[in-house]
Amino acid sequence: MEWVILAVAIVIVLVIAIAGLVVPRRRGTRLPPAPEKAVPPLGADTEAAETAVLTEPEARPGAEPEAGARPGEGTLADTTGPGIEVPEAAAGRMVRLRSRLSRSQSTLGRGLLSLLSREDLDEEAWEEIEDTLLTADVGVAATQEIVERLRTRTKVLGTRSEGELRALLADELVTALQPDMDRTLHTIPHPDGHPAVLLVVGVNGTGKTTTSGKIARLLVADGRTVLLAAADTFRAAAADQLETWATRVGARVVRGPEGGDPASVAFDAVKLGTETDDNIGVDTVIVDTAGRLHTKVGLMDELGKVKRVVEKQGPVDETLLVLDATTGQNGVVQARVFTEAVDVTGIVLTKLDGTAKGGIVVSVQRELGVPVKLVGLGEGPDDLAPFEPETFVDALLGETV
């Protein structure tokens with residue numbers, strides 16, 4: 001019996017000793033890295049693009065290097081899945097959103113009507129009218145013209161009924177908004193199979209990525225096929241946010257590595273969106289660029305590079321500048337710098353429902369000679385509308401004085 005106990009004890013000791021040798025080795029063993037997911041390159045030859053390869057966010061503000069870009073950085077994200085939404089059609093959105101202009105309405109619209117309805121329009125009254133226009137960010141030159149025309153027309157009109165005053169003021173405000181400007185959003189693909197390309201630019205915090213997603217919804221509602229390019233590679237959440245917008249309407253997204261070359265992503269997206277045997281082909285490519293301060297020369301130069309690289313495959317049909325309407329005249333200053341860096345073809349005014357300064361539409365168009373094409377009037381996914389001067393003024397003035 002004693003030898004059995006002794007044998008069991010020896011076995012236990014041996015087991016403990018072996019475990020002590022094996023376990024540390026297993027804990028210290030470095031497992032081989034998981035193989036990277038193979039993604040087919042979307043770009044063409046390296047010589048096809050002009051931009052610098054930027055691998056670190058810190059390299060972004062620098063001057064334009066001579067090295068070429070690396071097409072093929074952009075990869076197509078999978079945004080397919082159930083629960084595709086049907087966006088609201090563009091037609092009639094401005095009419096539906098007219099109630100959102102209540103703040104601007106009380107200041108610019110009804111405020112002016114109330115002043116013009118006075119029996120005695122003396123100099124003090126006209127000064128108040130002028131102050132109202134200036135407070136609403138209409139701008140000095142436009143304000144002077146509007147006041148001068150109103151002075152002349154009210155004298156000719158003589159007795160002024162409520163309806164006559166409303167019609168007179170509406171006519172002057174619509175005229176100030178330059179209704180003859182081309183507000184068409186050029187999103188139709190070219191006959192050669194090249195998609196229409198929209199470049200979305202602006203300063204930090206204006207809502208470019210959200211606006212890009214809303215524009216995609218607007219186009220999908222009108223029957224367009226859309227590809228989004230997440231060229232804001234320096235803000236980690238930007239590409240994810242764009243994918244979320246795309247998933248909701250069944251659009252697709254091309255994104256690159258974090259901190260990568262934004263121009264390469266844009267280049268790859270346009271190449272992929274072109275109608276060929278190898279590519280998917282879409283009607284419109286929307287390029288969401290990184291926000292940049294208008295005072296940073298290096299960043300503005302980079303924006304010009306993105307556009308030049310895209311244009312190696314075909315024209316950029318729209319360069320849309322996103323402005324925050326609540327910034328007032330500072331937004332006009334920002335816009336002027338952007339128009340010098342790239343050829344801005346249209347303005348998107350966001351947060352117009354959150355400001356009493358609805359006159360920013362007048363001043364930004366007058367200062368830049370660029371039409372306001374889209375306005376954001378809320379936080380909902382379909383609260384972006386094509387800008388219609390007559391509908392806008394009608395909403396500002398309301399139904400009664």
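**Reading salt bridges, helices and a charged patch**

Q: Which residue forms a salt bridge with Arg 255, and how far apart are the closest N and O atoms?
A: The general idea: a salt bridge here is a side-chain nitrogen of Lys or Arg within 4 Å of a carboxyl oxygen of Asp or Glu. In this structure Arg 255 pairs with Asp 240, and their closest N and O atoms are 2.9 Å apart. The pair links distant parts of the chain, 15 residues apart: Arg 255 is in strand β4 (residues 252-255) and Asp 240 in helix α8 (residues 236-249). Those labels are DSSP runs numbered from the N terminus, helices being H or I with at least four residues and strands E with at least two.

Q: What should I know about the model before going on?
A: It's a predicted model, so to speak of local features we need pLDDT of at least 70, while side-chain atom pairs count only at pLDDT 80 or more, and totals for chains, interfaces and linings use all residues. Residues are numbered from 1 along each chain as its sequence is written, and side-chain values use heavy atoms, with hydrogens and water left out.

Q: Are Arg 255 and Asp 240 buried, exposed or partly exposed?
A: Read the relative accessible area: buried is under 20%, exposed is over 50%, and partly exposed is in between (1.4 Å probe, protein chains only). Arg 255 comes out at 21%, partly exposed, and Asp 240 is partly exposed too, at 42%.

Q: How many salt bridges does that rule give?
A: The count is 16. One of them joins the side chains of Arg 153 and Glu 172, at 2.8 Å from N to O. Arg 153 sits in helix α5 (residues 140-157) and Glu 172 in helix α6 (residues 162-176), so this pair ties together parts 19 residues apart in sequence. Arg 153 is partly exposed at 31%, whereas Glu 172 is buried at 2%.

Q: Where do Lys 351 and Asp 324 lie?
A: Their side chains meet in a salt bridge, 3.1 Å from N to O. Lys 351 lies in the loop between β7 (346-350) and α12 (360-368), and Asp 324 in strand β6 (residues 318-324), so the bridge ties parts that are 27 residues apart in sequence. Lys 351 is partly exposed, at 37%, and Asp 324 is buried, at 10%.

Q: Which residues do shared partners join into one network of salt bridges?
A: Glu 85, Arg 93, Arg 217, Arg 248 and Asp 382.

Q: How many residues of α7 are buried?
A: 11 of its 14, so call this helix mostly covered. Among them are Lys 208, Gly 213, Ile 215 and Arg 217, and Arg 217 also belongs to the salt-bridge network. After α7 comes Gly 223, with a positive phi near 90°.

Q: What about Thr 233: buried or exposed?
A: Thr 233 is buried at 6%, in the loop between β3 (226-231) and α8. Check Pro 262 as well: Thr 233 and Pro 262 are 29 residues apart in sequence but 6.0 Å apart in space, C-alpha to C-alpha.
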